[in-house]
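Please look through the protein shown here. The report below takes up its ring contacts, its charged pairs and its overall build.

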Amino acid sequence: MIPGEVVRSTFAGERRMLIRSIVPALAIATLATVPLQAPAQAADYPVLRGSQIEDAPLAPSMGSATNWQGFYLGGFGGLAQTRFRTDKGVMDIARGNFNGTTALNEFDPGQLVLTSPRSDRGSTFGAFAGYNFAFGDAIIGFEGEYGRVGQSTEASTFEARLLSTGPVAVASVQNAKLNDYFNARIRLGYAYGRIMPYFTAGAAVGRFDTNIAVASDWLASTNPVRSYLGWPRQIGGPKKDVWGYGYSVGGGVEAALTDNLLVRAEYLFSSFNDVEGVTVNLNSARVGAALKF
């Protein structure tokens with residue numbers, strides 16, 4: 001081989017070796033740049049934002065966002081029926097007219113003053129205040145109420161009996177008026193969002209004007225007819241501001257129109273026992289509104 005051919009052969013071999021070393025290096029460099037370029041290229045394309053998980057709207061909450069806890073003050077109005085009936089007290093007054101006499105061996109004066117129940121109807125109105133405690137959706141509250149009623153009835157009786165010792169007569173008046181009342185109640189409710197049905201019960205006290213009296217006469221079988229000594233006699237009479245005690249029970253539905261405005265529809269039954277011998281029951285259906293603080 002001549003010297004020129006030796007030089008060309010050596011140069012060609014070195015060039016092939018250089019190419020073999022450069023090609024793998026370029027391949028590695030190209031692969032290394034692919035992950036870095038991909039995000040940049042992806043950013044050039046439009047993206048539908050609604051399809052991204054992080055931008056999906058939150059599912060609506062099924063729980064109640066209403067805060068039922070707190071103090072409230074309001075008023076109510078509605079219709080009421082007051083029912084009056086003779087109780088044991090009036091019968092005891094009639095028997096008291098004949099205490100210690102032989103007449104009680106022949107008849108029962110208490111049976112002569114019994115009357116049929118009587119009712120009065122009209123409007124009622126008042127105010128209430130209370131505080132609710134919330135335990136999740138369970139609500140426990142305490143409420144005080146004043147109600148104005150002003151309903152009354154009148155009743156009277158007159159009965160006579162002929163005894164072995166002579167005739168007797170028993171008359172009575174049984175008039176009563178419920179002026180107003182107060183009660184203190186507990187409320188137990190369960191909230192369904194802004195709606196809360198509830199049950200309520202507690203103690204009640206009513207203010208009455210009464211005229212409960214029993215008069216009697218016992219006549220001797222003589223000629224001329226005259227009353228026995230000590231007759232005629234009367235027990236009872238008019239009284240004002242008589243307090244009667246009892247209870248209230250009922251239920252209703254309350255709605256939170258806003259976080260601070262409440263409205264309700266409610267039924268309440270109240271009973272006052274033995275008010276000067278008369279039992280008084282009050283039924284009322286009413287609507288009300290309150291501000292919550």
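## Aromatic rings

Phe98, Phe107, Trp218, Tyr228 and Trp231 form a cluster linked by ring pairs. Rings of Phe, Tyr and Trp (its six-membered ring) pair if their centres lie within 6.5 Å; planes under 30 degrees apart count as stacked, over 60 as edge-to-face and the rest as tilted. By this rule the count comes to 13 aromatic pairs. One of them joins tyrosine 131 and phenylalanine 133. Their centres are 4.8 Å apart and their planes are at 55 degrees, a tilted pair.

Phenylalanine 133 also pairs with phenylalanine 142. Here the centres are 6.5 Å apart and the planes stand at 80 degrees, so the pair is edge-to-face. Phenylalanine 133 is partly exposed at 35%, and phenylalanine 142 is partly exposed at 46%. The classes are: buried, under 20% relative accessible area; exposed, over 50%; partly exposed, in between (1.4 Å probe, protein chains only).

## Charges over rings

Two arginines sit over aromatic faces. Arginine 233 lies over the face of tryptophan 231, at 3.6 Å from the ring centre. Tryptophan 231 is also one of the residues in the ring cluster. Arginine 264 has its charged end over the ring of phenylalanine 128, 4.1 Å from the centre. The rule asks for NZ of Lys or CZ of Arg within 6 Å of the ring centre and within 35 degrees of the ring normal.

## Salt bridges

This is a predicted model: local features need pLDDT of at least 70, side-chain atom pairs count only at pLDDT 80 or more, and totals for chains, interfaces and linings use all residues. Residues are numbered from 1 along each chain as its sequence is written, and side-chain values use heavy atoms, with hydrogens and water left out.

The whole structure holds 20 salt bridges. Each is a side-chain nitrogen of Lys or Arg within 4 Å of a carboxyl oxygen of Asp or Glu. Arginine 264 also belongs to a salt-bridge network with Glu143, Glu145, Arg185, Arg187, Glu254, Glu266 and Arg286.

Aspartate 92 bridges to lysine 88, with the closest N and O atoms 2.8 Å apart. The two are 4 residues apart in helix H2 (residues 88-96), so about one helical turn separates them. Aspartate 92 is partly exposed at 34%, whereas lysine 88 is exposed at 52%. Glutamate 159 bridges to arginine 161, closest N to O 3.4 Å. Glutamate 159 is partly exposed at 33%, and arginine 161 is partly exposed at 37%.

Glutamate 276 meets lysine 239 at 3.1 Å, N to O. This pair links distant parts of the chain, 37 residues apart. Glutamate 276 is in the loop between strand S9 (261-275) and strand S10 (278-292), and lysine 239 is in strand S8 (residues 233-256). Glutamate 276 is partly exposed at 27%, as is lysine 239 at 41%.

## Phenylalanine 158

Where does phenylalanine 158 lie? Phenylalanine 158 is in strand S4 (residues 156-163). Its relative accessible area is 58%, so it counts as exposed. Leaving out residues up to four places away in sequence, phenylalanine 158 touches Ala169, Val170 and Ala171. A contact means heavy atoms within 4.5 Å. Valine 214 is 56 residues away in sequence and 9.7 Å away in space, C-alpha to C-alpha.

## Overall build

The protein has 2 helices and 10 strands. These are DSSP runs, numbered from the N terminus: helices (H or I) of at least four residues, strands (E) of at least two. Their order along the sequence is α-β-α-β-β-β-β-β-β-β-β-β. Of the 293 residues, 36% are buried. Among contacts between residues at least 6 apart in sequence, 72% join residues at least 24 apart.

## Confidence

The average pLDDT is 85, and 78% of the residues score at least 70. pLDDT is the predictor's confidence in each residue, from 0 to 100. Residues 6-11 stay under 50, with 1 contact beyond four places in sequence. Where pLDDT is low, the predicted coordinates should not be read in detail.
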